[in-house]
Every structure is written in C-alpha cells, then in structure tokens.
Amino acid sequence: MFPVKQPWLCKALGCYDCCIRCLGAVPYASLLATLLCYIGVALFCGGGHEALSGTRTLVEIHFARELQDYTVLADFIKYFQYVIYGLASFFFLYGLLLLAEGFYTTSAVKQTFGEFRSTRFGRCLSLTFIILTCVLAVIWLVVFGFTAIPVFFFFNTASSCHKINILAETTVFQHGRVCMDPRMYGFLPLSASPGTVCGTTLANICKTQEFYMTYDLYIVAFVGAGITLLALFLYVVATTYNYAVLRFLGRKGIRC
C-alpha cells in the first residue's frame with residue numbers, strides 16, 4: 001500500500017491525528033439527513049402554504065358562488081396554514097436534536113473524546129429518539145399520501161383541459177361533455193353550486209396564471225414531503241446503527 005500523505009496544514013501544525021479524530025466524530029449520515037429534512041420541510045411548508053391560498057382563490061372564483069358552499073374548505077385552509085407554521089418550528093428543533101444525538105452516538109462509537117463515555121441513560125435516550133422518529137416517519141408517510149391528492153386533482157384537470165383543446169378542433173365529439181367536479185374529491189359539499197365546470201369554461205380556467213401557479217406549488221409541496229420522508233428514514237437507519245453498536249460494545253464489556 002502507498003503511504004497516505006498528510007494534509008499540509010495538519011502536518012505543519014502537527015495535529016494530523018487530532019484532525020482525523022475530529023472528522024471521525026462527524027455524523028455524516030445524520031448531517032445529511034438534517035440537510036434533507038430542512039430542505040424538504042421548507043419546500044413542503046412554503047409550497048403548501050401558498051398552494052392552499054391559491055386553491056381558495058380558484059374555488060371562490062370558479063367553483064362556488066355562495067360563501068356557505070366553501071366555508072368548511074376555507075376553515076380547513078386557514079387552520080392548516082397555522083399547522084404549517086407549527087410543523088416548520090417543530091422540524092427545525094427536532095432536526096437539531098437528532099443532529100446532536102448523532103454527534104453523541106458517533107463520538108461514543110468512535111471513542112473520540114478520551115474520557116467521554118456513553119451511559120445507560122444515553123443509550124435509553126438514543127432508543128427513545130429511534131422510536132419517536134419511527135412513529136414520526138409513519139405519520140409523515142400518511143401526510144405524503146394526502147399530499148398526492150391535490151396533485152392528482154390538478155393533473156386530471158390539466159389533462160381534461162388538454163382533451164378539450166383537442167376536441168375543440170374537431171366536430172366529432174362535443175367538448176362540452178368534458179367536465180371537472182371538485183366535489184368528487186371531497187373539496188366541496190354536494191350542494192355547492194356550480195360545482196361542476198365543463199367545456200371551454202374549464203379550458204379557460206386552465207389558462208389562468210393562478211391555476212398553473214397553484215399546480216406547481218402543490219408539486220413542490222409533494223416533493224418536499226417526499227424529501228422529508230427520506231430524511232426521516234435516513235435518521236432511523238443512522239440512529240439504529242449507532243445504538244446497535246453501543247449495545248454490542250456494552251455487552252462485550254468495552255467502555256465506549
């Protein structure tokens with residue numbers, strides 16, 4: 001094997017071993033998971049908040065004339081936007097906690113800090129984070145599934161508009177029979193009027209800036225939810241591995 005050349009700065013300062021120990025103490029998996037978590041939550045919260053506002057605008061203008069027809073939807077949008085604020089704060093703090101826990105377990109496993117030793121309380125704390133992160137991942141999997149519903153609705157609407165534009169160029173079929181009804185997706189009550197939008201009216205809705213902006217924002221929120229879910233799974237893998245190593249060393253009687 002060829003000798004490994006030391007970095008010139010570490011070699012000049014005579015602290016090569018110290019640099020290697022410090023780099024070995026960095027929880028790269030937890031650090032990557034934290035970055036992915038923050039990026040995903042930012043996309044989900046930012047895109048979801050603005051997409052909900054755009055949805056209310058579209059419903060008010062095109063799908064419901066009376067206020068009582070979309071009161072439930074408007075209340076849901078308002079309260080869920082507050083939930084988004086809470087989610088952003090929660091994931092910011094929880095990500096910091098998991099990153100700190102990653103530094104703790106990695107340092108214990110690597111035996112980096114000399115007299116630093118993992119304790120039974122520390123191992124129990126790591127196990128608690130593993131359980132909480134698994135529960136949170138399952139909950140977020142449900143959120144990820146629900147995020148796909150508006151994306152599916154807007155995709156179907158855009159496909160219907162494309163079909164209308166094609167049929168409008170022919171006289172074989174009546175493009176007025178192509179409709180979109182948000183009541184089928186549970187967005188509006190069955191008593192909402194007009195509820196259903198068909199033909200050129202629907203095609204004109206698809207041409208508005210609000211429609212495509214809301215559609216793109218829902219896609220952003222969907223992607224953000226997926227990235228956050230990936231980050232949670234990565235957290236689970238990293239913390240579970242470190243905890244397993246700590247338990248193994250503890251059974252072998254090795255202080256770490």
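1. A residue is called buried here under 20% relative accessible area, exposed over 50% and partly exposed in between, with a 1.4 Å probe and protein chains only. By that scale Phe222 is partly exposed, at a relative accessible area of 27%, and Phe144 is likewise partly exposed, at 23%. The model is a predicted one, in which local features need pLDDT of at least 70 and side-chain atom pairs count only at pLDDT 80 or more, while totals for chains, interfaces and linings use all residues. Residues are numbered from 1 along each chain as its sequence is written, and side-chain values use heavy atoms, with hydrogens and water left out.

2. On the overall architecture, the protein has seven helices and two strands, taken as DSSP runs numbered from the N terminus (helices H or I with at least four residues, strands E with at least two). From the N terminus on, the order of elements is α-α-α-α-α-β-β-α-α. Of the 256 residues in the protein, 39% are buried. With contact meaning heavy atoms within 4.5 Å, 78% of the contacts between residues at least 6 apart in sequence join residues at least 24 apart.

3. Aromatic pairs deserve a separate point. Rings of Phe, Tyr and Trp (its six-membered ring) pair if their centres lie within 6.5 Å, and planes under 30 degrees apart count as stacked, over 60 as edge-to-face and the rest as tilted. By this rule there are 15 aromatic pairs. One of them joins Phe144 and Phe222, which are stacked at 4.8 Å centre to centre with 20 degrees between the planes. Because Phe144 lies in helix 5 (residues 120–167) and Phe222 in helix 7 (residues 209–251), this pair ties together parts that are 78 residues apart in sequence. The rings of Phe153 and Phe154, by contrast, have their centres 5.4 Å apart and their planes at 85 degrees, so that pair is edge-to-face; both Phe153 and Phe154 are buried. One aromatic cluster is formed by Phe44, Phe90, Phe91, Tyr94, Phe129 and Trp140.

4. Leaving aside residues up to four places away in sequence, Tyr70 touches Val59, Glu60, Ala64 and Leu188.

5. In helix 6, the residues Gly199, Leu202, Ala203, Ile205 and Cys206 are buried. Seen down the axis of helix 6, its buried residues fall within an arc of 155 degrees, so they line one face of the helix; the arc is that of the directions from the helix axis to the C-beta atoms. Asn204 also lies in helix 6, but Asn204 is partly exposed, with a relative accessible area of 45%. Asn204 and Cys161 are 43 residues apart in sequence, and their C-alpha atoms are 8.4 Å apart in space.

6. A last point concerns Ser30, which is found in helix 3 and is buried, with a relative accessible area of 2%. Not counting residues up to four places away in sequence, Ser30 touches Leu98, Leu99, Gly102, Tyr235 and Ala238.
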